[in-house]
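Trainee: I am new to this structure. Could you take one part of it and walk me through it closely?

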Amino acid sequence: MSALLSTRALSRSFGGLRAVHEVDLDLGPGEVRALIGPNGAGKTTFVSMLIGRVAPSSGRVLFDGQDITRRPAHARVRLGLAYTFQITSVFARLPVAENVALAARRRLGRDRAAVAAEVARTLGRVGLTGREKIAAADLSYGHQRLLELAMGLAQAPRLLILDEPTQGLSEPEIETFKALVRTLAGETAILLIEHNMGVVMELADRITVLDAGVVLAEGAPAAIRADARVQAAYLGTAADA
Amino acid sequence: MRGGRLIGLHLGLVAVLFALNFVLPAYSHGTVARVMVLATYAMGYNILFGYTGLLSLGHAMFFAAGMYGLAMPMTHLGLGAGPALLTGIGSAAVLSLGVGLLALRTRGVAFMIVTLMFSQAAWLTILLAGRWTRGDEGVVIPQADRMLLGLDLSDPSTRYLAALALFSAVLFGTLWLVRQPIGRVLVAIRENEDRAELLGYDTFRHKLGAVVLSGTVSGAAGAAYGLFFGYAGASFAETHYSIFPLLWVLLGGAGTVIGPFLGTLFMFYLIDLTSGLTPAYMLVAGVALVLLTLFAPQGLAGEIRRRWWRGLP
C-alpha cells in the first residue's frame with residue numbers, strides 16, 4: 001500500500017531550538033492517525049510544515065507521490081489537504097453559510113445550486129442547520145469549532161488535518177464530534193492532533209507520539225498505551241485522568 | 001427576489017441622475033457631472049479598500065496616470081480623444097500592475113507607506129517632466145479636441161450624460177463583481193487572509209487582480225476627468241487626491257456599491273453649502289466628518305445596511 005502522505009527527515013529549527021527533528025511519517029489513504037505528545041513536543045510546527053504555513057529547515061513532504069515541500073499553502077489545499085486551526089479561525093463577520101460556501105466554491109466553481117446543496121449537507125452533518133444566516137462571530141465557541149470542521153469537510157479533502165478539534169468543547173459536543181469523525185471513515189484520511197486521550201484511543205487507527213521534536217513511538221492504540229517510554233514521557237500521570 | 005431589488009435600487013439611482021440632467025440648474029448640473037466622475041474614482045478605490053481590505057495612500061498616481069496617459073498623447077502626438085482615452089486607461093493598468101507586484105510584498109502599514117511613496121514619486125516625475133507636462137500649471141485640452149464618437153464633450157449636457165455613462169458602467173460592473181465568486185474571495189481576504197489561503201485561494205493573485213482593477217478604474221476616472229473638463233494638472237497627483245477617495249468611501253460606506261457615490265456627493269455639497277455661509281467652512285466640514293465617524297462609523301450606506309437592509313452589497 002502506498003502512502004497518501006509521507007515525510008522524510010522533516011526538520012525545523014527556530015534559532016538553536018530543534019522544534020521538529022528528522023521526522024519520518026507515512027499515512028495511508030483513509031487512515032485515522034493521531035499525533036500526540038506533551039506540550040511543546042512540536043506537533044503544531046510539524047503539521048504547519050505539512051500544510052505550508054511553516055517552511056521546513058530540511059527534509060521533504062510528499063503527498064500522493066508528489067514532492068510538495070516547496071509548494072505554497074493554497075496549492076497544497078488544491079491537491080486535497082485541508083487544515084482546521086487550533087485557534088478558531090473563521091470569517092467572523094460573514095454569515096455561517098458563506099463561511100462554508102467559500103470552502104465549497106473553490107472546488108465546485110460557480111455552480112450556485114451545487115454550492116448551496118453542499119453547504120446545506122455539510123451544515124447538516126455537523127449539526128448547524130438553522131444557523132445559516134447568523135454571523136460566525138455570534139456562534140458559541142463550540143459551534144465555531146464545528147463550523148471550522150464544516151469548512152474542512154466542504155472542501156472534500158483527501159487528508160483532513162485537525163489541530164486540537166475538541167479543545168474547549170463540552171462533553172456532549174465531544175460525543176457529537178466523535179460520531180462525526182466515525183462517519184468520515186473511508187471518505188478522507190485524518191491526522192488528528194489531540195490532547196483528550198479518550199478521543200484518541202477511540203478514534204485513531206494508529207498513534208504517533210512526538211516528544212521534544214522526535215518520534216518516540218508509533219503503533220496501534222493498545223500498543224501505545226502499553227509502551228513504557230510513552231508512559232514515562234507523557235501518559236504517566238494523564239492516563240487515568 | 002433579492003437580486004431584483006438590488007438591481008432596482010441601482011437602476012433607480014441611475015434613472016434619477018438621468019432625470020436630473022434635464023432639471024438641474026446650470027451650477028448644480030456641472031457639480032453633479034463632476035461628482036459622478038469622482039465617484040467613479042471612489043468606486044475604483046473601494047474595490048481595493050472596501051472589498052479587499054487593502055488601504056492604499058497612493059491612488060492619486062493611478063488617477064493621474066489615466067489623466068496624463070490621455071492628455072500627453074493628445075497634446076504632443078495629436079491623438080484623438082477615443083484612442084487617448086484608451087492610452088490613459090492602459091497607462092493606469094500598467095502602472096497598477098507594476099506597483100501591485102512590488103507593494104504587495106508588504107502588508108498593513110507598510111503597504112500604506114509603500115503606496116504613498118510610489119505616489120509621491122509619480123507626482124515628482126510629473127513635475128520633473130515639466131517640459132512636456134508643464135508641471136503645476138498643467139495642460140489645457142482645447143475644446144476642438146474634446147470630441148468623442150462625434151459628441152462634443154465641452155457641451156454641458158453631453159458631458160453630463162457621458163459622465164453618467166461611465167459612472168453607470170462602473171456601478172453595475174462593481175455590483176456584478178462583488179456578487180461573483182471572485183468578489184466573495186476578495187471579501188474573504190479582507191476578513192481573514194490566512195483562512196482564505198488555507199481554503200485553497202491564491203491570495204496574492206487575488207490581491208494583485210484587485211490592485212490592477214482598482215487602479216485601472218481610478219485611471220479611467222482620471223482620463224475621463226481630463227477629457228470632460230479639458231485640463232490635466234500636477235495637483236491631481238498630489239497626496240490630497242489620494243486621501244479624497246479614502247474619505248469619500250469612508251463617509252459613504254466602505255464595502256458597499258452605492259456608498260462611494262453617496263460619500264462623494266455628501267462631501268461636495270457639504271463644502272459647497274458651508275463655504276457660502278462662513279469662511280470657516282472647513283471647520284464645519286471637519287466637525288460633520290467627526291460626527292459621522294462617531295455615530296455612523298460604517299458610513300451612510302453601511303448604516304443603511306446595518307439598520308434596514310442586511311443584504312445590501
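Mentor: Let us take the sheet of chain A. Six strands form an open sheet here, in the order S6-S7-S8-S3-S9-S10 (chain A), and their pairing is mixed. Keep in mind that this is a predicted model.

Start at the edges. S6 of chain A and strand S10 (214-219) of chain A stand there, and each has a single partner strand, so one side of each is left without a neighbour in the sheet. From one strand to the next, the twist averages 15°.

Now move in to strand S7 of chain A, residues 159-163. Look at both faces of S7(A). On one side are A:Leu159, A:Ile161 and A:Asp163. On the other are A:Leu160 and A:Leu162. Both faces are covered, and these residues are all buried.

Next, the neighbours of S7(A). Strands of a sheet pair through backbone hydrogen bonds, either parallel or antiparallel. Strand S6 (residues 81-84) of chain A runs parallel to S7(A), and four bridges join the two. Find A:Thr84: it stands opposite A:Leu162 in S7(A). Strand S8 (residues 189-193) of chain A also pairs with S7(A) in the parallel sense, over five bridges. There, A:Leu160 stands opposite A:Ile190 in S8(A).

How does the chain get from S7(A) to S8(A)? The path goes through helix H6 (residues 171-183) of chain A, and this β-α-β crossover is right-handed.

Strand S3 (residues 32-36) of chain A is joined to S8(A) by four bridges, and the two run parallel. In this pair, A:Leu35 stands opposite A:Ile193 in S8(A).

Last, step back to the second chain. In chain B, 13 residues are in contact with 18 residues of chain A. Two elements of chain B give two or more residues to that side: helix H8 (181-191) and helix H9 (193-197). H8(B) gives the largest share, four residues. By type, the residues on this side of chain B are five nonpolar, two polar and six charged.

Methods. Residues are numbered from 1 along each chain as its sequence is written. Chains are lettered from A and ligands numbered from 1 in the order in which they are written. This is a predicted model: local features need pLDDT of at least 70, side-chain atom pairs count only at pLDDT 80 or more; totals for chains, interfaces and linings use all residues. Two residues are in contact if their C-beta atoms, placed from the backbone, lie within 7 Å. Ala, Val, Leu, Ile, Met, Phe, Trp, Tyr, Cys and Pro count as nonpolar, Asp, Glu, Lys and Arg as charged, and the others, Gly among them, as polar. A residue is buried if 20 or more other C-beta atoms lie within 10 Å of its own, exposed if 12 or fewer, and partly exposed in between; C-beta atoms are placed from the backbone. Two strands pair if DSSP finds at least two bridges between them. A crossover is right-handed if, with the strands pointing away from the viewer, the path from the first strand over the helix to the second runs clockwise. Axes are lines fitted to C-alpha atoms, for helices over the stretch in contact, and angles run from 0 to 180 degrees between N-to-C directions.
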